[in-house]
Number of protein chains: 4
Amino acid sequence: MTDETPSRFDRAFGRLRRVWQGIAGKPTTEDGAPFRFDARRVAAKIDECLAARGGEVSARTQAAELGETYLAWNERDRSEFLRLLATHYGIDRDRLRASASALASASEADVADAEAAVRRALIAPRVRLLTQFNVLPQGVKFLVDMRAEVQRSIKREPALAPLERDLKDLLASWFDVGFLELRRITWTSPAHLLEKLIAYEAVHAIGSWTDLKNRLDFDRRCYAFFHPRMPDEPIIFIEVALVQGLAGSIHALLDENAPAGDAARADTAIFYSISNAQKGLVGLDFGGFLIKRVVEQLSHDLPRLKTFATLSPIPGFRAWLEETMGAGRPVLTAAEAQTIAGAAGQSDGAAAFAALIADESWAEHPTQAEALRVPILRLGATYLTEAKSGGRARDRVANFHLSNGARVERVNWMANRSPENLKRAFGLMVNYGYDLGELESNHEGYRGEGRVAMSPAVKALLKGR
Amino acid sequence: MTDETPSRFDRAFGRLRRVWQGIAGKPTTEDGAPFRFDARRVAAKIDECLAARGGEVSARTQAAELGETYLAWNERDRSEFLRLLATHYGIDRDRLRASASALASASEADVADAEAAVRRALIAPRVRLLTQFNVLPQGVKFLVDMRAEVQRSIKREPALAPLERDLKDLLASWFDVGFLELRRITWTSPAHLLEKLIAYEAVHAIGSWTDLKNRLDFDRRCYAFFHPRMPDEPIIFIEVALVQGLAGSIHALLDENAPAGDAARADTAIFYSISNAQKGLVGLDFGGFLIKRVVEQLSHDLPRLKTFATLSPIPGFRAWLEETMGAGRPVLTAAEAQTIAGAAGQSDGAAAFAALIADESWAEHPTQAEALRVPILRLGATYLTEAKSGGRARDRVANFHLSNGARVERVNWMANRSPENLKRAFGLMVNYGYDLGELESNHEGYRGEGRVAMSPAVKALLKGR
Amino acid sequence: MTDETPSRFDRAFGRLRRVWQGIAGKPTTEDGAPFRFDARRVAAKIDECLAARGGEVSARTQAAELGETYLAWNERDRSEFLRLLATHYGIDRDRLRASASALASASEADVADAEAAVRRALIAPRVRLLTQFNVLPQGVKFLVDMRAEVQRSIKREPALAPLERDLKDLLASWFDVGFLELRRITWTSPAHLLEKLIAYEAVHAIGSWTDLKNRLDFDRRCYAFFHPRMPDEPIIFIEVALVQGLAGSIHALLDENAPAGDAARADTAIFYSISNAQKGLVGLDFGGFLIKRVVEQLSHDLPRLKTFATLSPIPGFRAWLEETMGAGRPVLTAAEAQTIAGAAGQSDGAAAFAALIADESWAEHPTQAEALRVPILRLGATYLTEAKSGGRARDRVANFHLSNGARVERVNWMANRSPENLKRAFGLMVNYGYDLGELESNHEGYRGEGRVAMSPAVKALLKGR
Amino acid sequence: MTDETPSRFDRAFGRLRRVWQGIAGKPTTEDGAPFRFDARRVAAKIDECLAARGGEVSARTQAAELGETYLAWNERDRSEFLRLLATHYGIDRDRLRASASALASASEADVADAEAAVRRALIAPRVRLLTQFNVLPQGVKFLVDMRAEVQRSIKREPALAPLERDLKDLLASWFDVGFLELRRITWTSPAHLLEKLIAYEAVHAIGSWTDLKNRLDFDRRCYAFFHPRMPDEPIIFIEVALVQGLAGSIHALLDENAPAGDAARADTAIFYSISNAQKGLVGLDFGGFLIKRVVEQLSHDLPRLKTFATLSPIPGFRAWLEETMGAGRPVLTAAEAQTIAGAAGQSDGAAAFAALIADESWAEHPTQAEALRVPILRLGATYLTEAKSGGRARDRVANFHLSNGARVERVNWMANRSPENLKRAFGLMVNYGYDLGELESNHEGYRGEGRVAMSPAVKALLKGR
């Protein structure tokens with residue numbers, strides 16, 4: 001063994017620990033002494049970094065010190081610092097206006113110089129400091145987390161907006177999708193990485209290491225995008241089940257005791273969870289790229305796979321349905337109304353329907369549930385394919401997948417019986433199908449005319465067949 | 001990313017899965033059909049492997065098939081196979097005797113040939129088959145596990161002994177300590193490896209992933225020996241706490257909620273657990289090598305470390321004490337007897353002592369506990385340093401460390417209050433000190449004259465000071 | 001072994017091979033057919049990429065195709081493409097002027113929107129395409145090489161300037177020094193990487209693999225910066241010799257037959273070569289960072305090292321001296337003139353000096369050489385420390401190191417006897433000393449007042465002592 | 001970067017350097033002082049290692065010191081040491097005889113103990129020392145090289161034989177083929193490894209790094225077996241060309257200027273060189289395993305490959321032919337004799353033939369060459385398939401491949417025109433075909449009845465068709 005491994009490990013982790021301590025707000029410096037924000041001293045330090053009198057090399061060293069101090073501050077002190085950056089190190093508006101004015105009236109001979117002057121005037125001095133922070137051992141993560149902090153505060157402090165824009169521009173350039181590496185995550189991955197899946201999973205919470213292991217079993221795949229400078233931090237990750245035929249129930253997939261299937265015989269890959277892991281990268285969209293890369297990867301590795309589809313929630317279904325009914329619009333077909341009336345022993349099917357879905361108790365009564373099955377499935381499909389807002393699907397999950405070029409493949413009854421999902425979607429989940437050959441045209445149709453692609457089965461469902 | 005990683009992973013793990021399935025006794029072959037042991041067919045296959053008519057390359061392929069079949073058998077079938085190997089593929093005794101006889105009377109000119117003939121006669125045919133199994137993807141692990149199975153059955157089936165000896169000889173050669181690699185295990189190690197620590201820990205059971213993470217924290221070290229052909233299987237591992245001063249209580253070390261110490265300031269490394277991970281390697285001793293390598297490694301990485309010591313159980317203490325008392329030998333000094341008599345409000349200190357230690361309730365009564373403290377500590381030291389069996393320390397843990405050249409450093413009161421340890425050692429634990437400069441002479445003194453090395457503090461304790 | 005390694009290798013290299021073929025101008029596409037630039041088709045493809053109608057995912061795919069086509073073009077076709085990008089996909093000047101005008105007169109309420117509009121107007125459409133190229137397997141190298149091509153043509157085609165600026169801005173952001181990884185290069189490094197050292201070495205050409213091996217011997221170090229997305233391409237690299245005392249002759253360092261010294265005993269690290277490897281990164285300065293990182297690294301690894309210095313050429317020495325003499329300024333001290341006059345058997349020392357240095361034949365005559373030694377050393381020091389141009393050292397190598405905060409440590413006689421160096425610097429070389437404790441103040445003094453730091457020895461030399 | 005990499009590198013290489021220095025006979029110890037063999041001191045050290053009084057851990061440390069001393073000795077001193085080991089640390093013959101005698105007459109009850117006693121008596125004490133050397137950093141390589149030294153001396157020093165046997169037994173166990181790893185070697189492999197290919201290539205010498213690069217080009221493959229404890233030392237390696245159709249000329253394959261072919265379109269893999277790299281492993285046969293593994297690997301990676309064949313020399317062809325002719329046996333068919341007589345303008349074809357092949361000048365005369373083509377090809381095939389020695393093919397290369405189960409596929413005219421090959425094989429080379437489906441039966445037929453497998457083409461050639 002190499003005696004160095006430990007120390008490398010310790011160094012990296014010592015840093016990370018300080019990062020977490022800092023982010024968590026413990027007011028400790030390396031020697032344990034409390035350390036507080038002091039506007040005058042901090043401003044002097046920033047000025048030194050920006051002037052770079054000792055050369056850019058030493059300016060970076062000083063920026064790194066400032067960055068480590070930032071991590072040692074508590075949350076209030078960090079806020080002070082962000083406010084200082086946002087308000088004192090921005091663009092010089094007068095200089096900008098003057099240069100804009102000069103550009104507006106520049107002669108052809110001077111226009112290039114005038115343009116360059118505007119360009120310079122548009123770069124806030126703080127951008128240099130933000131860039132200098134990149135020499136911190138976890139510099140990229142530092143800036144991502146700084147933006148996450150700005151995001152948290154920006155609603156009550158609109159003055160942070162220019163800082164937020166600079167951070168976003170910087171991160172958008174550094175997190176260009178071309179820099180991201182797709183890596184498979186398995187049960188042989190490092191524990192400190194797997195631990196983050198547990199922390200970051202946003203769709204179906206991971207309850208334990210056993211739950212996690214089930215999601216990394218032989219009939220599963222998990223992929224994440226990583227940035228080369230944040231090798232231990234997933235940017236976004238996706239969980240996939242390899243099955244035979246479309247999966248219509250999340251319970252089977254999350255059952256830790258179910259035996260693993262045979263990946264080599266699977267014909268379908270079900271994407272049942274996709275989570276953004278970095279709050280500081282909000283607004284940078286990697287989901288579509290991730291799904292497409294994973295589809296390509298799986299197609300290559302497992303040529304028997306023919307179908308790629310999600311198993312997704314329909315978060316806005318009940319809200320839309322209640323709104324529709326509240327507006328007095330009929331939602332049932334005559335046949336449906338009649339069936340429900342019959343099942344409920346009432347004469348007014350619409351009223352019976354409204355009463356039934358008012359709470360979730362119907363799910364425990366097989367007869368009631370059976371009566372609801374047909375209309376709820378049809379209405380779910382209707383919601384997904386017809387409910388629009390600004391030309392886009394009203395359901396945000398639907399909008400994400402349709403924008404990626406997917407199609408509505410199948411709506412599934414009793415797919416997720418958790419109380420929460422019974423409440424928001426009457427237990428429904430939906431498969432969105434990703435067919436590489438159709439993605440572009442679907443995307444174009446959706447983006448242009450708002451056309452929603454769907455399978456024949458969904459079309460038939462809409463027609464009540 | 002490379003699309004290949006997954007498939008390599010799958011292949012390796014698919015194998016392992018089959019291995020586990022096999023070991024676990026599921027009677028499945030690759031295509032799911034049940035497959036049973038058939039002595040005639042198996043013997044024919046073995047004969048083919050040994051004859052190697054199609055060349056050694058193809059003989060190995062056939063041995064691999066046989067090996068995979070073995071893994072698919074249930075436990076009873078595997079036993080049949082082992083019995084077959086043990087009884088039908090051993091040494092030809094008649095040939096051996098004849099060659100021995102020829103050697104005994106060989107002329108000087110013929111002695112070399114006669115010796116070679118004996119040498120050949122001593123190699124059982126099955127050894128070739130066992131070696132051929134090495135081409136299995138997990139061939140070394142296969143043989144290790146086969147020996148573990150033989151070990152399990154050998155008591156009720158003494159006929160397995162020659163097979164056991166051949167396996168041990170083979171593994172002793174392949175597991176020469178020079179082949180083992182020392183690797184540090186951390187929280188960044190693969191989960192499927194960490195999982196094995198949980199499974200194999202033999203001293204202080206690891207209760208959860210949180211418990212495990214605590215043992216891999218910044219102030220801990222964990223090292224294991226690995227064999228190059230079993231890279232995912234620790235052979236033996238050791239857990240170390242970096243502390244200031246000798247640690248005298250196991251509870252502090254195992255407290256998941258205690259904050260991590262500062263490894264860089266530690267002056268003492270406490271080895272608080274060492275576990276053999278492979279039942280199939282019983283009898284091959286790596287513990288001494290592991291401790292010495294870890295002491296060297298830590299000395300190099302953390303030069304502030306000055307003391308290296310264990311925190312070890314004393315499993316045989318109560319048994320010895322009760323035996324001694326049962327034989328009517330006095331165990332208390334006069335002063336001790338008087339103190340205990342006083343504390344118990346009785347006149348006979350020896351009787352009071354015997355009554356007190358009869359169960360573990362004294363541990364909940366501070367006065368009783370305090371009265372026992374001095375005599376129990378002294379008796380513990382006496383047991384460790386004076387109780388012998390065949391010239392060796394009677395306590396098996398003591399014998400292990402003294403053989404390694406360690407010394408009895410300190411006996412610790414209330415070091416492990418678990419009911420089990422109160423029962424077997426009245427709550428005591430002991431530190432064995434590993435001083436690199438003394439190991440050789442201590443070892444020699446112990447091995448030769450049975451001299452037990454001990455610290456001045458322990459000497460003083462023995463003298464009742 | 002993993003069967004995949006080969007294919008990964010092949011894929012990566014297949015790409016690279018096509019890249020090289022492309023750069024080398026072979027007009028082949030993947031199927032071998034010639035493929036020529038067609039402005040209309042190319043513009044249509046670019047428009048499609050920029051419109052991204054099928055979504056950004058598919059736009060990137062199309063950009064990648066365009067990029068691979070570019071690599072398949074010959075040089076003339078590639079030039080056409082670059083011209084197209086430079087002239088048709090730039091900023092819309094009218095829109096820019098209008099937005100600048102609006103900003104100049106915007107009310108306080110509108111100024112943020114007006115600023116945003118200018119910002120948008122300043123981004124040329126081609127920037128999006130350049131970014132999209134980043135998904136190519138060697139996307140970053142692609143852009144670096146594209147900028148190298150632009151650089152080659154820009155003198156005769158000034159219209160490429162805006163494209164050059166966009167490429168530089170993009171690369172400056174992506175090659176922020178915080179992203180670069182320092183890696184040591186040794187004789188155990190991959191051959192295809194070592195091959196590049198041979199190709200890129202810019203100071204002392206590497207003549208053979210034996211020469212290279214000597215530069216990677218036990219008493220040498222070689223470090224390079226790498227970008228995570230160009231792992232096989234050094235950005236800049238430096239060669240270091242570990243010696244005892246300052247090295248004053250390049251010949252000893254480059255002697256392949258000299259025995260390797262003992263790195264562990266060395267007290268001095270001599271940086272004898274530093275080469276930028278990527279023409280497409282001209283203008284982005286990494287040299288200072290590299291030297292400082294290497295000094296830190298070596299200090300950590302080899303604590304006996306006390307001195308860090310270069311052994312550098314003085315390229316402009318003769319030119320300056322001849323210029324000075326041509327201007328009629330005396331260059332010799334009286335004592336020097338007298339000595340030279342004596343050695344030459346002439347009365348006019350200045351004339352004799354001029355005659356002597358007119359060609360390099362003096363170097364073969366020990367007496368002549370000895371007569372020149374003192375004045376040439378002193379004049380060399382004078383040139384380095386006093387000859388200025390625009391407040392900076394006139395010698396470009398001196399300016400680089402002085403800007404980094406180094407000091408003139410020692411001027412070395414007969415340090416490089418190659419005809420070329422005799423010609424330009426009379427055989428002199430200079431050591432620049434890098435003392436971490438002084439770098440900042442030296443840099444500041446040099447940048448501010450143009451103060452040149454120097455060792456006491458050099459000061460004494462200047463005073464003729 | 002990690003600062004540790006360098007030091008690990010240095011350590012490993014520092015060792016290796018000392019190893020090489022030692023092997024090369026430089027009489028230096030670590031501190032540079034000369035160090036000579038001293039039988040008394042060395043024997044004392046050996047005794048200490050074998051007694052292991054300070055424990056096995058410290059015995060290993062002492063063995064390591066002895067091993068490093070060995071490396072520091074010159075060749076003569078090393079020989080003394082080997083002689084000492086061979087003669088003083090062998091089996092105790094008297095004890096062996098006594099134990100053999102006891103075994104021969106042991107009762108059934110005692111036979112197991114008597115057997116164990118013989119077993120122990122058969123293990124020479126030096127075996128323990130040899131095993132202890134395994135803790136040296138390059139311990140396995142150490143023993144391999146020690147055996148190479150023994151091999152060099154054994155002819156003139158038969159007393160080394162028992163030591164040679166012990167070394168071989170030890171290495172045979174440690175180098176079981178199941179431990180060897182197949183690795184592909186490419187132009188991205190470390191230079192210090194590639195350097196060894198140049199050094200070890202035994203069939204077609206590698207003239208330069210350019211020659212080597214050609215052999216690792218896109219249409220080539222190179223594979224080697226490695227031992228996990230000798231990761232930088234190939235055991236045996238093979239060079240493969242991927243071509244279309246059987247390759248019949250070595251010149252095309254070794255032409256550095258020929259353009260690389262397209263591996264993806266190749267249908268044939270030609271093994272044109274296989275070299276054992278470790279003299280100390282002579283007698284352990286890995287060639288058959290290597291070829292089979294490479295065939296499997298290539299079949300998997302490049303499914304278009306249908307044919308696997310060697311391009312091999314026929315070293316014994318001329319010797320056999322001259323012997324045959326010398327014995328007065330006719331070698332030409334009537335038709336052949338007539339043709340040659342005609343071409344030579346002589347009446348006696350046999351005499352003309354003998355005159356023609358007496359030297360190699362015929363190769364420069366197209367008419368002569370053409371006259372020889374048919375008979376030489378037929379005679380080559382005859383030699384390969386019919387000339388036997390002890391039931392095996394007389395040609396040692398043929399015997400190797402036929403033992404592996406290959407068949408004689410095609411004999412090639414003017415396949416290697418080097419003077420050496422014209423001399424020994426009239427320019428012929430032969431393809432041996434490796435068909436996985438036939439290997440076993442071919443092997444069995446060859447081993448049993450000496451049946452030589454051959455292609456229909458070769459059969460036809462033999463029949464003169």
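D:R97, D:R119 and D:F179 supply 15% of the area that chain D buries against chain B, more than any other three residues.

This is a predicted model: local features need pLDDT of at least 70, side-chain atom pairs count only at pLDDT 80 or more, and totals for chains, interfaces and linings use all residues. Residues are numbered from 1 along each chain as its sequence is written, chains are lettered from A and ligands numbered from 1 in the order in which they are written, and side-chain values use heavy atoms, with hydrogens and water left out.

Next, the contacts. 50 residues of chain D are in contact (heavy atoms within 4.5 Å) with 50 residues of chain B. The rule finds 10 salt bridges across this interface. A salt bridge is a side-chain nitrogen of Lys or Arg within 4 Å of a carboxyl oxygen of Asp or Glu. One of these pairs B:R60 with D:D176, with the closest N and O atoms 2.7 Å apart.

Which elements build the chain D side? Those giving two or more residues include helix 3 (56-72), helix 5 (93-104) and helix 6 (111-121) of chain D. Helices are DSSP runs (H or I, at least four residues), numbered from the N terminus. Helix 5 of chain D gives the most, with 7 residues.

The same surface serves both copies: 100% of the contact residues of chain D recur in chain B.

A:N134 sits in the loop between helix 7 (125-132) and helix 8 (139-154) of chain A. Is A:N134 buried or exposed? A:N134 counts as buried because its relative accessibility is 0%, and buried means under 20% relative accessible area (1.4 Å probe, protein chains only). Leaving out residues up to four places away in sequence, A:N134 touches A:R60, A:G139, A:V140, A:W174 and A:R229, along with C:D176, C:G178 and C:F179.

Key. Buried < 20%, exposed > 50% of the residue type's maximum accessible area, 1.4 Å probe, protein only. Buried area = accessible area lost by both parts, 1.4 Å probe.
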